[in-house]
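Q: I have a model open and would like to learn how to read its features one by one. Could you walk me through them?

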Amino acid sequence: MKPQTPLLDQVTLPEDLKRFSDPELAQIADELRVETISVVSETGGHLGAGLGVVELTVALHAVFEAPRDKIIWDVGHQSYPHKILTGRRARMRSLRQQDGLSGFTKRSESLFDPFGAAHSSTSISAALGFAVARDLGGVCEGGLGDVVAVIGDGAITAGMAYEAMNNAGHLKKRLFVVLNDNDMSIAPPVGAMREYLAGLYEGDTLQGAAAQAPSLDAGRAAGGTVFENLGFTYVGPIDGHNLAQMLPLLRELKERATGPVLLHVVTQKGKGYKPAEAAPDKAHATAKFDVSTGKQHKAQANAPSYTAVFAQALLQEAEADSRICAVTAAMPDGTGLNLFAERFPSRCFDVAIAEQHGVTFAAALAAGGMKPFCAIYSTFLQRGYDQVVHDVAIQRLPVRFAIDRAGLVGADGATHAGSFDIAFMANLPGMVVMAAADEAELKHMVATAAAYDEGPIAFRYPRGEAVGVELPERGRVLEIGKGRVVQAGARVALLSLGTRLEEVRRAAERLAARGIRPTIADARFAKPLDREMILDLAARHEVLITLEEGAVGGFGSHVAQLLAEEGVFDQGLTYRSMVLPDVFIDQASPKAMYDVAAMNAEQIEAKVLDVLGGDPV
Ligand SMILES: Cc1ncc(C[n+]2csc(CCOP(=O)(O)OP(=O)(O)O)c2C)c(N)n1
Ligand SMILES: CC(=O)[C@@H](O)[C@H](O)COP(=O)(O)O
Ligand SMILES: [Mg+2]
């Protein structure tokens, strides 16, 4: 018998799906799932979320008319099946790599990605914006038709989602919000909303007969849902893996809906791939893996991760001080606070995807006499910035900010780069800002933050493996605003903040071969600056170069300000700052991203040689 050609091979764009019968669409979904697993096994990346929305993706593209209709995936980490169906299948194996496809939705990548994402809970606001633009006669590439936001049960815990629903329920524009409820965030979801959503489908037989399937008119016997009270028509819950139910329902919605509709779809994260179903938290994002066993190919680590060092150091401090508590915004594993939660469950708070609330909550914990460590990735702290200013800094409350994923993070790309925290924290009056140069320094900074009660304090550290230096038994409390000279040299001083120090050391070795021995210093603090050390370095060298894994406006800018105010430039000092360039750097390995930023050892060496004007000796 001739082997059957996969139907998926006949699909390049969503319009191709319209030729198939509903049972054939179910077959396409099965093939799409296999293709998604195959892709991620080769590239690594977000697996479970995409597998959970395979049928939903097929159904949406079969019924709606993208790119005229705008399908907006919240976060975008579940969009791999969507990418496969929207002209990108041939490039899928370049996912999350340099010059390859992004792991999230991205406007510049495809007309089928009408709104980029990667941070959560923006989709309903974006959908409403498109709906209003449409009704006001706005014009955009591809046209402007229906708008569909697909948002997860994790993402709908964030305040932004409610701000958008509040607005949408008032404006009453026709738009669709698909709530993809898999009862999982990255970790199991926590919070009252989780209980509420579960209550909406508990007792329902989702696999029930088509006659019982939800429809636009069905309503709920139990009375109004929170969504109805906000002005939406609530439809559901429906089994999001059952195309026989979903396709007719979506067609009905497309045909008849008038105002905002919330469709509650119940799915399983990791659906159809046993290892991902069994451990949806581990399969949220994976390394490359063996499809038959699910075993991930993880590189052998030579040193602990910075996150692990932070987590262990915080545990040590918390053993000694019962006022220490910890706050995470839906990232217990990513921040290492899962260990804290196990050891001190009553002192650890997962506030869900709610960075704004998390920061203000921590501020009041501090006002109430506790010592909160707010562990948030640099990129996600951006969302809580007004709270950092208004609730923490202005009130001088001693919240400790553990800023993980500082600097360039690699495969997640520009949306997840921790580029701005030095600038946005160090410009706040009274904020202490530290950056760890290695894991021992990180341990000292955790101890320093634990001991510091005079106001807010932050310390930053990058994603991934640390340097491999020996760890002290206990962290040592650092003197606030004091850096350290690591190597004494002449002519050129390299003043590093954070983990570029390793690259600076490598650059110094290369320079030594050319007869140049630079002084190397570790600033430790972006704020307050070690004025004495910096002015001394400036006085004793012809050239001073600062380095930081952050955008312009951070440490280097503060140093330049100091040097200018002290009149050091008038005395002939040549000063340069090496910062991230003024562009958003796309995904690649962290090393390759720092190459783009011109901040690796070779480029530091080149900068020194350039400043010395080809006069090395
Ligand atoms: C503002 C923000 N905080 C945290 C994250 C990290 N994050 C990415 S996906 C995710 C869980 C999302 O859960 P859900 O919306 O239910 O989607 P699922 O993965 O279950 O499909 C989290 C916490 C983020 N992307 N954005
Ligand atoms: C989509 C998202 O925001 C997270 O899943 C993120 O990719 C996690 O990053 P880490 O792998 O650095 O924890
Ligand atoms: Mg979920």
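Predicted model: local features only at pLDDT ≥ 70, side-chain atom pairs only at ≥ 80, totals over all residues.

Q: At which residues does UniProt place the feature "binding site" (unreviewed entry)?

A: UniProt, in an unreviewed entry, puts a "binding site" feature at Asp153 and Asn182. The two span 30 residues in sequence, but no two of their C-alpha atoms are more than 6.8 Å apart, so they gather at one spot. Asp153 itself sits in the loop between strand 3 (147-152) and helix 6 (159-171).

Q: Which other residues does UniProt list for "binding site"?

A: The unreviewed entry also gives a list made up of His77, Ala118, His119, Ser120, Gly154, Ala155, Asn182, Tyr273 and Glu355. These positions are spread over 279 residues of sequence, and they are spread in space too, with up to 31.9 Å between C-alpha atoms. For one of them, His119, the place is the loop between helix 4 (80-88) and helix 5 (123-135).

Q: Now the ligands. Which residues come nearest to ligand 1?

A: A shell of residues can be read by its members, its classes and the domains that supply it. Around ligand 1 there are 23 residues, of which Ala49, Ser120, Gly152, Gly154 and Ala155 come nearest. The classes of this shell are 10 nonpolar, nine polar and four charged residues. Both domain 1 (22-281) and domain 2 (306-460) give residues to the shell, so ligand 1 lies between them.

Q: And which residues are around ligand 2?

A: Here the list is Val75, His77, Ile186, His284, Ala285, Gly334, Arg405, Val409, Asp412 and Arg463. They divide into four nonpolar, three polar and three charged. Ligand 2 also lies between domain 1 (22-281) and domain 2 (306-460), because both give residues to its shell.

Q: Which domains does the assignment give for the chain?

A: The chain is assigned domain 1 (22-281), domain 2 (306-460) and domain 3 (484-612). For a pair of domains, you can look at the distance between centres and then at the residues in contact. The C-alpha centres of domain 2 and domain 3 lie 26 Å apart, and 25 residues of domain 2 are in contact with 28 residues of domain 3. On the domain 2 side that touches domain 3, helix 17 (421-426) and strand 12 (432-435) each supply at least two residues. That side has 17 nonpolar, four polar and four charged residues.

Q: Which residues does UniProt list for "domain: Transketolase-like pyrimidine-binding"?

A: The unreviewed UniProt entry gives residues 304-469 under that name. Over this stretch the chain is 43% helix and 17% strand, and the end C-alpha atoms are 10 Å apart.

Q: At what angle do helix 14 and helix 16 pack?

A: For a helix pair, read the angle and the distance between the axes together. Helix 14 (residues 355-367) packs against helix 16 (residues 385-393) at an angle of about 10°, and their axes are 9 Å apart. Angles under 35 degrees count as roughly parallel, which makes helix 14 roughly parallel to helix 16. From helix 14 the contact uses Gln356, Val359, Thr360 and Ala363, and from helix 16 it uses Gln387, Val388, Asp391 and Val392. Sorted by class, this contact has four nonpolar, three polar and one charged residues.

Q: Last, the backbone. Which peptide bonds are cis?

A: The general idea is that most peptide bonds are trans, and most residues other than glycine have a negative phi. In this structure, the bond from Gly236 to Pro237 is cis, with omega near -5°, and Pro237 lies in strand 5 (residues 233-239). The bond from Lys527 to Pro528 is cis as well, with omega near -10°. Pro528 is in the loop between strand 17 (525-527) and helix 20 (531-540).

Q: What is the phi of Ala330, and where is this residue?

A: Ala330 is not a glycine, yet it has a positive phi of about 70°. You will find Ala330 in the loop between strand 8 (324-328) and helix 12 (332-335).

Technical notes:
Residues numbered from 1 in each chain as written. Chains lettered and ligands numbered in written order. Near = placed C-beta within 6 Å. Nonpolar A, V, L, I, M, F, W, Y, C, P; charged D, E, K, R; others polar. Domains from an automatic or database assignment. Axes fitted to C-alpha atoms, helices over the stretch in contact; angles between N-to-C directions. Helix = DSSP H or I, 4+ residues; strand = E, 2+ residues; numbered from the N terminus. Parallel < 35°, antiparallel > 145°, perpendicular 65-115°, else oblique. Contact = placed C-beta atoms within 7 Å. UniProt positions renumbered as here; feature names shortened; annotations may be inferred.
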